[in-house]
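Colleague: I would like to go through this entry feature by feature. Please give the general idea each time, then the case at hand.

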Amino acid sequence: MGRGRLPRATFGMSDAVAIRLTVNGARVERLVAPRLNLVDFLRDELGLTGTHWSCEHGACGACTVLIDGALARGCLVFAIQLDGANVETIEGLTESGALAEVQAAFHARNAVQCGFCSAGMLLAADALLRRNPEPSREQIRAALSGNYCRCTGYHAIVDAVADAARERARRKP
Amino acid sequence: MKAPPFRYARPQTLDAALRLLADEGAGARLIAGGQSLVPALNMRLLEPTLLIDINGLAELTGIAETASGIRVGALTRHAALGASAIVARRTPLLAAAVPFIAHEAIRNRGTFGGSLAQADPAAELPACAVALGARLEIAGPGGRRRVAAHDFFRGVYETALGRDEILVAAEIPAQPGATLFLELARRQGDYAIAGLAGWAALDRSRITDARLVFFGTDIRAVEARAASAALATSLDAAATALDRDLAPVADLNASAAMKRHLARVLLRRACAAAVTHAA
């Protein structure tokens, strides 16, 4: 959510409005039109193409990102709303190692078919494991219910998340 | 698709937001969590001239315990509502409903006030607000007014909220009985085909008072007064009386007759579970 550093004026539809935010730990400053979506901002302005466009109305989860640490739909927020926010994408979370166990488990379980949903699945799985380190298969399914895999590879994905939970528990000191 | 072009404002006070609404007239739309509005923009179902972002309005935030219950700011995120100890203690029905609202990513941004103002007939929170007897605090150019949740919801996406008004908060009395909450959906997170939100006061295993509100069946959340009253007699009497309360509307998921059937199923299941739990 924005931090209100924008001036109080109303911005015109063609105005380029300066926003400053943190994306994957880096400070970013860009000019955006009000209608520019976060997903287009990430892909077109920053070249971060791991966040995918699919349904464009919040149903499929392919555009899942973290905003201020919380799971969010990238397609349901405008970049102009994120002045001052902290956004993390699949690229940043891969680089930091935050998703390492989940990614390894997806690889080992062949839980990636075409791969289009994978970024969103990984973020949703990680969000689940952070709040519930030992989920049941039903809880895994419920947590991933907002992310569609059109290859329908759900069994392998649930297996992978269950494996990742065990691996995280094993590594925990 | 992409959202159509719009002008954007991010007022810092409720007064400034109200002025923007009044000045812009019919083309203005408020954006809070945006989880229903942005899909409508992306699908070009709406083409507002001005989007007024109310996320900066401190007056609309917070959950507080009051003498009679709780006060929930309109900007409260679903996730915060579900995580609140005050909500769990004073109005456990709301806490029970939150996990059924869409998905985690949506619950992190979607707001309590946004859900009420959107008035989707299949949404959970409008039904809870009616069941709990919430009073909604509304700010407008002429000052504040309060509307009972029962009178607030008028129809599909229709409420008592004027074009120049902003929903500020809900004052919700403490829940007077055990939680009744069930919903049927094809998949976790989908809108309900039929849902029941309510409470029942029990004397040992006898229901002495109850309020049942159904969602996903009619054009709005409907208080089932005849069925609620008949619960003191028997479950069968309540299930029969429910026919007088509901006027189900068919949708893509179910016919009106099926919704009527499912509402009876929910009534029996929820009330039987509450009685068993109390015994």
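Colleague: What pattern does chain A follow when read along the sequence?

Modeller: Helices (H or I, at least four residues) and strands (E, at least two) are DSSP runs, numbered from the N terminus. On that basis chain A reads β-β-β-α-β-β-β-α-α-α-α-α, that is, 6 helices and 6 strands. Its radius of gyration is 17 Å, close to the 16 Å that the globule rule gives for 173 residues, so chain A is as compact as a globular protein of that length. The radius is taken over C-alpha atoms, and the rule is 2.2 Å times the number of residues to the power 0.38.

Colleague: What are we looking at, and how are things numbered?

Modeller: This is a predicted model, in which local features need pLDDT of at least 70 and side-chain atom pairs count only at pLDDT 80 or more, while totals for chains, interfaces and linings use all residues. Residues are numbered from 1 along each chain as its sequence is written, chains are lettered from A and ligands numbered from 1 in the order in which they are written, and side-chain values use heavy atoms, with hydrogens and water left out.

Colleague: Which strands pair with E4(A)?

Modeller: Two strands pair if DSSP finds at least two bridges between them. E4(A), residues 64-67, is antiparallel to E5(A), residues 70-73, with 4 bridges. E4(A) also runs antiparallel to E6(A), residues 86-88, joined by 2 bridges. Ile67(A) shows both pairings: its bridge partner in E5(A) is Ala70(A), and in E6(A) it stands opposite Val87(A).

Colleague: Are the faces of E4(A) covered or open?

Modeller: Buried means under 20% relative accessible area, exposed over 50%, and partly exposed in between, with a 1.4 Å probe and protein chains only. Both faces of E4(A) are covered: Thr64(A) and Leu66(A) are buried on one side, Val65(A) and Ile67(A) on the other.

Colleague: What covers the buried residues of H1(A)?

Modeller: The buried residues of H1(A), which spans 38-45, are Leu38(A), Val39(A), Asp40(A), Phe41(A) and Leu42(A). Their cover includes E2(A) (17-23), E3(A) (26-32), E4(A) and E6(A); contact here means heavy atoms within 4.5 Å.

Colleague: Where does phi turn positive?

Modeller: Most residues other than glycine have a negative phi. In the hairpin of E4(A) and E5(A), with 2 residues between the strands, Asp68(A) has a positive phi of about 50 degrees. Asn24(A), in the loop between E2(A) and E3(A), has phi near 50 degrees and is partly exposed at 26% relative accessibility. In chain B, Ala102(B) has about 45 degrees and is found in the loop between H5(B) (92-97) and H6(B) (104-107).

Colleague: How many helices and strands does chain B have?

Modeller: Chain B has 12 helices and 14 strands. A compact globule of 279 residues would have a radius of gyration near 19 Å, and chain B has 19 Å, which agrees. Its C-alpha atoms fill a box of roughly 55 × 45 × 35 Å along the principal axes. Of the 279 residues, 54% count as buried. Among contacts between residues at least 6 apart in sequence, 60% join residues at least 24 apart.

Colleague: How many charged side chains does chain B have?

Modeller: Lys and Arg count as positive and Asp and Glu as negative; His and the chain ends are not counted. The place of a charge is NZ of Lys, CZ of Arg, CG of Asp or CD of Glu. Chain B has 31 positive and 26 negative side chains, and the centres of the two sets lie 2 Å apart.

Colleague: What does H11(B) pack against?

Modeller: H11(B) covers residues 235-245, with Ala238(B), Ala239(B), Ala241(B), Leu242(B) and Asp245(B) buried. These pack against E13(B) (206-215), E14(B) (222-223), H10(B) (225-230) and H12(B) (256-278).

Colleague: Which residues does Thr66(B) contact beyond its sequence neighbours?

Modeller: Leaving aside neighbours within four places, Thr66(B) is in contact with Arg71(B) and Arg90(B). Thr66(B) lies in the loop between E4(B) (63-65) and E5(B) (69-73) and is partly exposed, at 29%. Arg90(B) is 24 residues from Thr66(B) in sequence and 9.7 Å away, C-alpha to C-alpha.
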